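Trainee: I'm new to this one, could you walk me through it?

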Amino acid sequence: MSRRSLQDAPLLDSAPLAHGPIADVAPLAPIDRRYAYLIPAALSDAAQPGVRVRVPFGRGGRPAEGIIVARSDGDWTASLQPLLEVLDPAPLLSPRLLELAGWIARYYACPLGVALSAVAPRASHREAGYRMVRYVLLDRPPADGIRRTAIQQRVLDCLRSAPPAPDDPAAPPRIDAASLRGVADCSTATLRAMTAKGWIRFVERREPSRPPTAAPLPREADWTLNADQQAAAGRIIAAMQADGFRALLLFGVTGSGKTEVYVHAIRAAIARGRQAILLVPEIALTTQTLDRLSRRFDRVAVLHSGVGEAQRTRDWAAIAAGRIDLVIGTRSALFAPCPRLGLIVVDEEQEGSYKNIAAPRYHTRDVAIKRAQIEGTPVLLGSATPALETWSNAAPGGRFELLRLPNRVSGLRTPRLSVVDLREEHRERRGVHLLSRAMESGLRGALARGEQSLLLLNRRGYANYLFCARCRTPVVCPHCGVYVVLHRSTGLAHCHYCRARLILPTRCAMAECGGTLVKFGMGTERVEEELKAMLPQARIARMDSDVMARAADYADLLGRFAVGGIDVLVGTQMIAKGLDFPRVTFVGVVNADTALAIDDFRSAERTFQLTLQVAGRAGRSEAGGEAVVQTFHAGISAIQFALRQDYEGFAAEELTARRRADLPPFARLVRIVLADPRLTRARDGADGMARAMREALFKAGLRGLIGDPRPAALPRLRDAYRFEALLTFATAADLLAAMDHLRAENLLRARCRSVIVDVDPVALQ
Ligand SMILES: [Zn+2]
Ligand SMILES: [Zn+2]
């Protein structure tokens, strides 16, 4: 946080004109400065810290938005300009949230205005009160002779019989998509297929929003806790009664009933007149968790990117007014303006999706700990496979208190987990099969018993490796230089990094070669295809970001799965996380090696976590369950420990390796990535920056290791060349001291298109 600007004002007219209140304003823009403004008498009451203001900015004095971060009395000089306008009737951010934003800006080395934009609600009063509604209307319906399914016919009938729109009776009748799905009992995929045929089309309209009138869900009583759960809940409640900061890790195997412990702890917080925030990593998880918790608590708000602006604004106001007891949501829900916060829970704390992928690149778990510290409340982290950073903090004598749930709740049996060595499978079997014999028999067994299966592959599309059979030249994205992935749904080759879509050439692109292209590798589309051929009688659905565009799509599909309308659900990792369906008795991992393919010191940890989590999805009922994991690396310890379901053994071995290699949690990393369309600019920029940083740290006597710049793991992305430098620090204090200094010396910049500073990176791509 730079305070220099206060002294930076030109000193031409330094003689004070008067004495009065001065506002310290951070512009809501990526500018790493703060500016001082006079507070005119008329605005004196309103201009409090935490309100948005309009101020004259830059040489031309163009009005810009900022937030007052502090207020003081000082000498008014002619160089100080007055505030133009105060935009909020009351502060948007409490002093504690302002302090949190300040910490984020400092620790994650980003401008305060960027941190403030993340912490403040995104909705502005201009947008509030409106929502986008998606309507379906008839376009060119099929003639009578054209074949259609029964569902498609229902959709057509519904649209034909719809009443004319009240605002435009001449327009073709329309029904909003959500109602149509309900009335015609169809999925979004059905509607999308019908749009592709040109029978119907979607239109979006901006309409005034109505307050939700959803009927309250039937209430459910709390469960009785077992002895382990009671002991854990007791410790959390004791921490709350102590009225101070405390970090606790709830380490519970899957199926051990962590959620029930959260419920009891949250209830205790509410009973003390406090509010609670429960963070979940994925939007797909939120629907299920929310549904479960809404049956248990009266005043719940859900905040995630799928919630409309108007709803968000209403929720934000209700939370700030203290009318909400429990806030559930993904990353940004952490910044809910609870005036009486009493507990923060971070479920599945090990999830990489808690890391924000744009500036400020904060880690939600770590900021949750900081917020709890500032608020003086406990923070509870929950996981079956804690991140190694968290686990080492929970070691004896560490900063976190460790609470264990070692057993599955009574009635739930531990799933049987087996590993298929794909090398052996390929030796013993002819032809290319994505699904091994063990996988096939597990799927058939579940189907025959009328039970459900989940099949996981962490790769979208159909084939991810396309190359020339003659000269072996692969097909790469012209903008990124990475392999493109063939998608059957579009018939195009997609770049999963820049989202470019290419028409696949029929022949090799190399001059004078002209060999035929071979499609190799696998993705969810191909698994779905093989599965349909293997089990033609099964009802199969796919869930990945290609078919799931909106939160409602997840809810639809999960709803159908929950009522037994789907036998096998194929998907990317989004289906591995926390979904809890008692009828699922078989879970398969098509390829456990996708994480290992990435050159990252966390690959083993990710492979272990994924394998164990997936196993946990099987057997959420008394029927018991089975999980089959396919891999080409059956011998590595991540897989072996997962097979024995031994988290602590894995953690001990992996931590020893990390300590030896000086990697997190035994060191802190900062990753700096420079990108530019000109290779020399990116490379020279990185070299020059690393040299200057080394010199500066040396001169200031600060500790830190600046690695030699090298091409990034993705050396070219979106037509820009990328170079990275890794900074290593022994402790967080070393990191802060060094980064403060480098920032003050203006050394986190270079003359190239972009410089990304990522503190505590979770992925080194
Ligand atoms: Zn070729
Ligand atoms: Zn690309």
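Trainee: Which residues of α15 are buried?
Mentor: In this predicted model, the buried residues of α15 are Thr524, Glu525, Arg526, Val527, Glu528, Glu530, Leu531 and Met534, where buried means under 20% relative accessible area, exposed over 50% and partly exposed in between (1.4 Å probe, protein chains only). Helices (H or I, at least four residues) and strands (E, at least two) are DSSP runs numbered from the N terminus.

Trainee: So how enclosed is the helix α15?
Mentor: Because 8 of its 11 residues (the helix covers 524-534) are buried, α15 is largely enclosed by the rest of the structure.

Trainee: And what do they pack against?
Mentor: The buried residues of α15 pack against α14 (437-448) and against the strands β18 (452-456), β20 (485-487), β24 (540-543) and β25 (568-571), with contact meaning heavy atoms within 4.5 Å.

Trainee: Switching topic, what coordinates the zinc ion (ligand 2)?
Mentor: The SG atoms of Cys477, Cys480, Cys495 and Cys498 do, at 2.3 to 2.4 Å, and these donors follow the spacing C-x2-C-x14-C-x2-C along the chain. Donors are N, O and S atoms within 2.8 Å of the metal (3.2 Å for Na, K and Ca), and sites may look incomplete without water.

Trainee: What do Cys480 and Cys495 tie together?
Mentor: Cys480 lies in the loop between β19 (465-468) and β20, and Cys495 in the loop between β21 (492-494) and β22 (501-502), so the pair ties together parts 15 residues apart in sequence.

Trainee: Is Cys480 buried or exposed?
Mentor: Cys480 counts as buried at 3% relative accessibility, and Cys495 is buried too, at 2%.

How values were computed
Residues numbered from 1 in each chain as written. Chains lettered and ligands numbered in written order. Predicted model: local features only at pLDDT ≥ 70, side-chain atom pairs only at ≥ 80, totals over all residues. Heavy atoms only, no water.
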